[in-house]
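Here's a quick walk through some side-chain geometry, with confidence notes along the way. Have the viewer open and follow along.

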Amino acid sequence: MDIDDNNKRVYQQQKVCYQWRAGRCNRYPCQFIHSDHQFNGNGVYTDGFSGGRRSNTQNWGRVGNKAVVRKTDKVCNFWVKGKCNYKGNCRFLHSWSIGDSFSLLTQLHDAHQNVVTGIALPSGSDKLYTGSKDETVRAWDCASGQCMGVFNVGGEVGCMISEGPWIFVGLPNAVKAWNMQTNIDLNLSGPVGQVYAMVVGNGLLLAGTQDGSILAWKFDAASNTFHPAASLTGHTAGVVALVVGTNRLCSGSMDKTIRVWNLETLQCMQTLAEHTAVVMSLLFWDQFLLSCSLDKTVKIWVTSESGNMEVAYTHSEERGVITLCGMLDLEAKPVLLSSCSNDSVRLYDLPSFSERGKIFSKQDIRVIQTGPPGIFFTGDESGQVKVWKWSTGPTPTA
């Protein structure tokens, strides 16, 4: 088929443009088809539902004045670079999110050069701290969003948390502890390999390590130091997730299991083996334990009458699930954020799992952290850190 454009004739092949599929084609006219519909030799296309109808050949490969543009769940690569010529007629998203009840507030510029693995907001501080595999921790002014300092920690940051005025940074073979009020700087030895996860519970700092153990330290206020308290063993591969709730410690591992520990005795009470891939993240919500895995599922666990935990519900995703975060929206409704290995985060109402929207990123989002009321943060594998805010807009129905 020939198309005239300023006396220029282009033969349009009956083949879908792969650049258009990826949201990158800015050629007009294009010699390939800009449509997912199937064409036959008579200029008729079918969509599988309406049978067939004749197409206006002058509109093939572009959006007409009265055409309805159906947005796909993919961010336009040309829009990201500021070069998309289709503007409102682009088939791809010109936004980092879908949903009316939240929006992007800002992006922290010149963040990290590698995967963001931790975001922390110590109490009493006016700064946000981010850690990365680029071996740095960065401090950001919460009012201006400007970077106030870069600290080289001498190794990849595997995780980072805050508790009170303390920031704990998981490193290879060590945990670094900073007190933002007293400026105390401590190095806790003992871990073997990378520290992947940390949590504080029952007066203990607990760290999951690459060798499959969980180390515990207890803080001595008199000497302002942390003393080794215990070593929990049982996992056969690295511990990448820890959570504390209902007097229990739960650990998720690369060995595909979850172990449930008594937080008082530090003895293993139960091993949960229903996941078929790495257990990436754990979350307590009320009396329920939520777990996610690279097996593409989020599982909801409940304590049975016998005292053991069992699966009450399994939610399936299209791709592996990397991390979970729970928070309340501005109407105090519980929302689950589920980051998947397709550069997106899905937001769900709990307990219904009705979808609230999606967040997109250049690469997979590895960290989601709640902030002050109405604010949350995301950090992805490209090193970007974004700040999001909840709004009181309408909530989409499932």
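## A tilted ring pair

Phe 219 is partly exposed, because its relative accessibility comes to 30%. In this predicted model, Phe 219 makes an aromatic pair with Phe 226, and the geometry is tilted: the centres sit 4.8 Å apart, with 50 degrees between the planes. Phe 226, on the other hand, has a relative accessible area of 12%, so it counts as buried.

## Other aromatic rings

The count of aromatic pairs comes to 13. One of them is Phe 102 with Trp 390, an edge-to-face arrangement at 6.0 Å centre to centre and 70 degrees between the planes. Phe 102 belongs to strand E7 (residues 102-108) and Trp 390 to strand E32 (residues 385-390), so this pair ties together parts that are 288 residues apart in sequence. Are these two residues, Phe 102 and Trp 390, buried or exposed? Both are buried. They also belong to a cluster linked by ring pairs, alongside Phe 376 and Trp 388.

Lys 386 lies over the face of Trp 96, 4.5 Å from the ring centre. Over at Phe 92, it's the charged end of Arg 91 that sits over the ring, at 5.7 Å from its centre.

## Salt bridges

Searching the whole structure turns up eight salt bridges. In one of them, the side chains of Asp 329 and Arg 356 meet at 3.2 Å, N to O. That pair links distant parts of the chain, 27 residues apart: Asp 329 is in the loop between strand E26 (321-328) and strand E27 (334-340), while Arg 356 is in strand E29 (residues 355-360). Which side of the burial cut-off do they fall on, buried or exposed? Asp 329 and Arg 356 are both buried; for Arg 356 the relative accessibility is 2%, and buried means under 20%.

Arg 356 has another salt bridge, with Asp 349, at 2.6 Å from N to O. Asp 349 is buried as well, because its relative accessible area is 16%. Shared partners also join Glu 317, Arg 346 and Glu 355 into one salt-bridge network. Then there's the bridge between Lys 333 and Glu 331, at 3.2 Å, N to O. Lys 333 has a relative accessible area of 39%, so this residue is partly exposed.

## A look at Thr 233

Where is Thr 233? You'll find this residue in the loop between strand E17 (225-232) and strand E18 (239-245). Thr 233 is exposed, because its relative accessibility is 57%.

Setting aside neighbours within four places in sequence, Thr 233 is in contact with Ser 213 and Trp 261. Cys 268 is 35 residues from Thr 233 along the chain, and the C-alpha atoms of the two are separated by 8.9 Å.

## How confident is the prediction?

The chain has a mean pLDDT of 84, with 81% of its residues at 70 or more. Residues 1-12 have pLDDT below 50, and that stretch makes 26 contacts in the model beyond near neighbours in sequence. Residues 36-70 are also below 50, with 46 contacts in the model beyond near neighbours in sequence.

Definitions and conventions
Residues are numbered from 1 along each chain as its sequence is written. This is a predicted model: local features need pLDDT of at least 70, side-chain atom pairs count only at pLDDT 80 or more; totals for chains, interfaces and linings use all residues. Side-chain values use heavy atoms; hydrogens and water are left out. Helices (H or I, at least four residues) and strands (E, at least two) are DSSP runs, numbered from the N terminus. Buried means under 20% relative accessible area, exposed over 50%, partly exposed in between (1.4 Å probe, protein chains only). Contact means heavy atoms within 4.5 Å. pLDDT is the predictor's confidence in each residue, from 0 to 100. Rings of Phe, Tyr and Trp (its six-membered ring) pair if their centres lie within 6.5 Å; planes under 30 degrees apart count as stacked, over 60 as edge-to-face and the rest as tilted. A charge sits over a ring if NZ of Lys or CZ of Arg is within 6 Å of the ring centre and within 35 degrees of the ring normal. A salt bridge is a side-chain nitrogen of Lys or Arg within 4 Å of a carboxyl oxygen of Asp or Glu.
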